[in-house]
Protein chains: 2
Amino acid sequence: MVPIQVPVVERILGANDRVAEENRARLDAASVFAVNFMASPGAGKTSLIVRTIEALSSSVRIGVVEGDTTATTLDAEQVSEAGVPVVGVNTGGSCHLDAVMVNQALSSLPLEKLDLVIVENVGNLVCPAAFRLGTHADVLIASVPEGDDKPYKYPKIYRNIDALVLNKTDLLPWVSFNLESFRKGVEMLNPAVSLFPLSCYTGADLYRWLDWLSLRCKSMTSTAASAGRPRA
Amino acid sequence: MVPIQVPVVERILGANDRVAEENRARLDAASVFAVNFMASPGAGKTSLIVRTIEALSSSVRIGVVEGDTTATTLDAEQVSEAGVPVVGVNTGGSCHLDAVMVNQALSSLPLEKLDLVIVENVGNLVCPAAFRLGTHADVLIASVPEGDDKPYKYPKIYRNIDALVLNKTDLLPWVSFNLESFRKGVEMLNPAVSLFPLSCYTGADLYRWLDWLSLRCKSMTSTAASAGRPRA
């Protein structure tokens with residue numbers, strides 16, 4: 001007998017993609033722009049979320065989904081202190097968020113009262129790259145002390161992002177990091193990506209990132225308004 | 001009919017553990033001490049390997065297994081320049097090494113002419129923690145700019161290690177990192193672990209780590225000698 005080959009990985013990804021499309025439709029219907037923050041552990045996802053809330057929350061209504069591999073609520077607490085609604089997702093040890101987890105989290109957020117949802121994925125440069133969540137933009141937060149070789153070593157995640165934040169530029173004088181080599185690696189993989197070198201620690205150069213993000217939120221809202229969709 | 005539940009994950013781990021035991025037996029038979037280096041991307045696994053080779057290779061014969069998610073040979077080249085045998089393992093996108101990959105790599109190393117094998121796992125704090133490789137010690141390389149909260153956020157990997165290197169201590173004056181809070185988190189999860197704060201960049205405080213490692217290599221060799229096993 002010929003053994004039956006079951007393409008398990010493809011089937012799981014297919015199911016994930018269907019839920020990701022459902023998430024996108026839900027976000028679109030509510031005119032909410034959503035971004036997926038991916039990074040190594042400690043690159044500064046939570047710090048960038050907090051800085052973004054501080055800078056934009058007077059004009060953009062923000063909600064956050066916090067992914068964690070364990071039941072820890074450290075990041076969720078830190079973001080919650082910034083005064084926006086936060087939903088924590090415990091992946092139960094899994095190395096990435098998937099569309100179903102985000103679907104459940106979106107049900108716990110007041111989408112009709114939001115303009116932007118930031119999803120903080122699990123700190124990992126490998127697994128999150130394989131699972132679409134239904135967000136409008138994938139953002140990678142790299143950081144200076146990780147080294148300038150990361151685009152060359154983790155090409156998959158660099159290839160499929162819409163924006164790249166290079167955090168911790170305040171450490172440039174103290175570490176060996178060649179910005180041109182980093183930029184060259186990024187351009188080779190993803191010539192269209194928007195690159196934002198900045199420092200969440202000092203607050204330096206955040207404005208270009210904030211412009212990029214708020215422009216996309218406003219564009220979403222104005223598209224909804226011109227289509228006659230009601231806003232809360 | 002009651003559906004049959006197949007514990008797939010358990011079965012895969014069972015198979016992995018059997019190969020891990022085979023790896024251990026092979027290493028023991030050759031009197032080779034083996035360590036598994038795990039870390040976030042950019043924490044300094046390769047730098048620590050190079051520093052260790054520079055310091056110990058006159059007295060300890062070292063071989064290296066370099067795990068990577070892609071076909072990049074950047075790390076393998078850097079280690080090879082340090083003048084020891086290196087075998088690269090491409091995980092084909094997988095987020096961790098497993099015992100079978102290490103088994104194949106060991107076949108390509110001249111084990112009978114080595115005292116120490118260092119295995120560099122994929123840069124990831126989640127997946128590598130779940131797969132035993134058959135090495136004698138699991139070593140985690142954390143780094144100062146990642147932040148002092150990592151033991152609290154990635155408890156599984158911190159719980160199951162034998163040694164913890166805290167790299168990039170030269171950056172302590174420039175970042176917000178509370179060494180006591182870090183140490184407290186580590187002690188809560190793993191009170192017996194050996195902690196080595198050091199800097200691969202400046203070379204500061206490497207000696208305690210080198211002592212720990214070379215003592216274990218020597219102990220392995222002398223056990224083999226007292227058992228009458230021949231050495232190459």
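## A helix pair in chain A

Let's start inside one chain: helix α2 (residues 45-56) of chain A packs against helix α3 (residues 74-81) of chain A at an angle of about 15°, and their axes are 9 Å apart. Keep in mind that this is a predicted model. Angles under 35 degrees count as roughly parallel, so α2(A) and α3(A) are roughly parallel to each other. Their crossing is right-handed.

Who meets whom here? On the α2(A) side there are A:T46, A:I49 and A:V50, and they meet A:D75, A:Q78 and A:V79 in α3(A). By class, the residues of this contact of α2(A) with α3(A) come out as three nonpolar, two polar and one charged.

## Where the chains touch

Now for the two chains together: 30 residues of chain A are in contact with 30 residues of chain B. Two helices of chain A, α5 (150-153) and α6 (155-159), each supply at least two residues of the side that touches chain B. α5(A) gives the most to that side, with three residues.

As for the make-up of the side of chain A that touches chain B, there are 13 nonpolar, 10 polar and seven charged residues.

## How the copies are related

Definitions and conventions:
Residues are numbered from 1 along each chain as its sequence is written. Chains are lettered from A and ligands numbered from 1 in the order in which they are written. This is a predicted model: local features need pLDDT of at least 70, side-chain atom pairs count only at pLDDT 80 or more; totals for chains, interfaces and linings use all residues. Two residues are in contact if their C-beta atoms, placed from the backbone, lie within 7 Å. Helices (H or I, at least four residues) and strands (E, at least two) are DSSP runs, numbered from the N terminus. Ala, Val, Leu, Ile, Met, Phe, Trp, Tyr, Cys and Pro count as nonpolar, Asp, Glu, Lys and Arg as charged, and the others, Gly among them, as polar. Axes are lines fitted to C-alpha atoms, for helices over the stretch in contact, and angles run from 0 to 180 degrees between N-to-C directions. Angles under 35 degrees count as roughly parallel, over 145 as roughly antiparallel, 65 to 115 as roughly perpendicular and the rest as oblique. A crossing is left-handed if the near helix is turned anticlockwise from the far one by less than a right angle, and right-handed if clockwise.
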